[in-house]
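Hello,

Here is the structure I promised to pass on. My notes follow below it.

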Amino acid sequence: MGGRNIILDAGTGLQALDKTIDATGSVDLLFSHTHLDHIMGFPHFKALFSPAFSCHIRAGHLGAGQSIEQVVANFMQPPYFPMPVTMFNAGLQYTDFAAGEAFPLGDDVIVQTIAINHTNGATGYRLRYGDKSVCYLTDIEHEGAFYRDGWPDPALTDFVKGSDVLIYDCSYTDDEYSKRKGRGHSSWQAGMQLADAGQVGTFAIFHHDPAHDDDFMDDIAGQAVAVRPGTIVARDGLVLAL
Ligand SMILES: [Zn+2]
Ligand SMILES: [Zn+2]
């Protein structure tokens with residue numbers, strides 16, 4: 001976006017990026033939070049071995065006394081991982097912020113953030129470039145005391161208002177969610193309510209439950225498109241042009 005490579009979270013999909021990324025360039029890595037499924041790809045990101053590469057890592061979910069630099073260092077040590085983060089030759093920069101703050105990336109991209117309802121906290125992002133914007137809300141649970149004013153939450157609706165794409169935590173169907181309350185995740189139906197309230201362009205179903213096989217996902221896709229035409233189910237290698 002705006003000529004920059006912006007990475008949202010570092011799951012295993014990060015390895016696919018190694019095929020196309022310029023290992024002499026730079027990236028901005030924004031963490032929603034640091035549960036394992038969002039950070040486990042980081043130690044395997046080969047571009048980080050390039051001394052000509054640089055990576056600016058930011059996170060907004062950590063509490064007082066914690067830093068994203070320390071979290072990454074703690075994660076990359078035995079018995080979780082054999083090598084320390086100092087094995088990388090790339091320039092690594094770390095910035096902690098408080099979810100709710102906004103900051104620029106370069107001259108043209110504005111990053112807005114919001115705290116979202118998840119176990120141990122998480123940060124939602126809205127990336128703006130010119131009149132285009134993408135929202136990324138995962139991992140998030142739509143029910144509970146966090147959203148006292150009900151769902152769709154007014155502040156969150158305002159946050160996503162008019163964005164071109166909303167990438168949302170659709171771990172469950174509504175039916176599954178009713179049996180999995182309190183686990184920190186949401187349903188595609190709840191996400192779609194938010195997308196409709198915020199008059200979002202494309203709703204993207206994301207953060208699939210590993211128990212959902214391709215047939216199950218095809219079924220969700222069919223139902224979702226019937227309710228909200230243009231809805232997409234995110235998959236490996238998907239490219240969206242704004
Ligand atoms: Zn999580
Ligand atoms: Zn997750």
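Asp 9 is buried, because its relative accessible area is 6% (buried means under 20% relative accessible area, exposed over 50%, partly exposed in between, with a 1.4 Å probe and protein chains only). Asp 9 sits in the loop between β1 (5-8) and α1 (14-17). Helices (H or I, at least four residues) and strands (E, at least two) are DSSP runs, numbered from the N terminus. Asp 9 has a positive phi of about 70°, although it is not a glycine. Most residues other than glycine have a negative phi, and most peptide bonds are trans.

Some ground rules. This is a predicted model, where local features need pLDDT of at least 70, side-chain atom pairs count only at pLDDT 80 or more, and totals for chains, interfaces and linings use all residues. Residues are numbered from 1 along each chain as its sequence is written, chains are lettered from A and ligands numbered from 1 in the order in which they are written, and side-chain values use heavy atoms, with hydrogens and water left out.

Metal site

Which residues coordinate the zinc ion (ligand 2)? They are Asp 37 (OD), His 38 (NE2), Asp 139 (OD) and His 207 (NE2), at 2.1 to 2.2 Å. Donors are N, O and S atoms within 2.8 Å of the metal (3.2 Å for Na, K and Ca); water is not among the atoms, so sites may look incomplete. Along the chain, the donors of this zinc ion (ligand 2) are spaced D-H-x100-D-x67-H. The four donor atoms subtend angles of 92 to 161°, which makes the arrangement irregular. For the cut-offs: four donors count as tetrahedral if all angles lie between 85 and 135 degrees; four count as square planar and six as octahedral if opposite donors are over 155 degrees apart and all others between 65 and 115; anything else is irregular.

Asp 139 bridges the zinc ion (ligand 2) and the zinc ion (ligand 1), which lie 3.6 Å apart. His 38 belongs to helix α2 (residues 36-39) and His 207 to the loop between β10 and α7 (214-227), so the pair ties together parts that are 169 residues apart in sequence. His 38 counts as buried because its relative accessibility is 4%. His 207 also counts as buried, at 16%. Phi of His 207 is positive, near 60°.

The loop between β8 and α4

Asp 139 lies in this loop. The bond from Trp 151 to Pro 152 is cis, with omega near 0°. Ala 145 is another residue of the loop between β8 and α4 (154-160). Ala 145 counts as exposed, with 66% relative accessibility.

Seven strands form an open sheet in the order β5-β6-β7-β8-β9-β10-β11, with mixed pairing. Two strands pair if DSSP finds at least two bridges between them. β5 (102-105) and β11 (232-233) stand at the edges with a single partner strand each, so one side of each has no neighbour in the sheet. Strand β10 (residues 202-206) runs parallel to β11, and two bridges join them. Ile 205 has Val 233 of β11 as its bridge partner.

Helix α6 (residues 188-197) packs on the sheet and touches β8 (132-137), β9 (165-169) and β10. Contact means heavy atoms within 4.5 Å. The direction of α6 makes about 150° with that of β9. Axes are lines fitted to C-alpha atoms, for helices over the stretch in contact, and angles run from 0 to 180 degrees between N-to-C directions. Buried residues of α6 include Trp 188, Met 192 and Leu 194. Their cover includes β8, α4, β9, α5 (174-177), β10 and α7.

Cores

The largest nonpolar core has 27 residues, and Phe 42, Phe 53 and Met 76 have the most contacts inside it. A nonpolar core is a set of buried Ala, Val, Leu, Ile, Met, Phe, Trp, Tyr and Cys residues joined through side-chain atoms within 4.5 Å. β2 (26-31), β3 (54-59) and α3 (68-75) each give two or more residues to this core. A second, separate core of 25 residues includes Leu 137, Tyr 147, Phe 159 and Ile 205.

Best wishes
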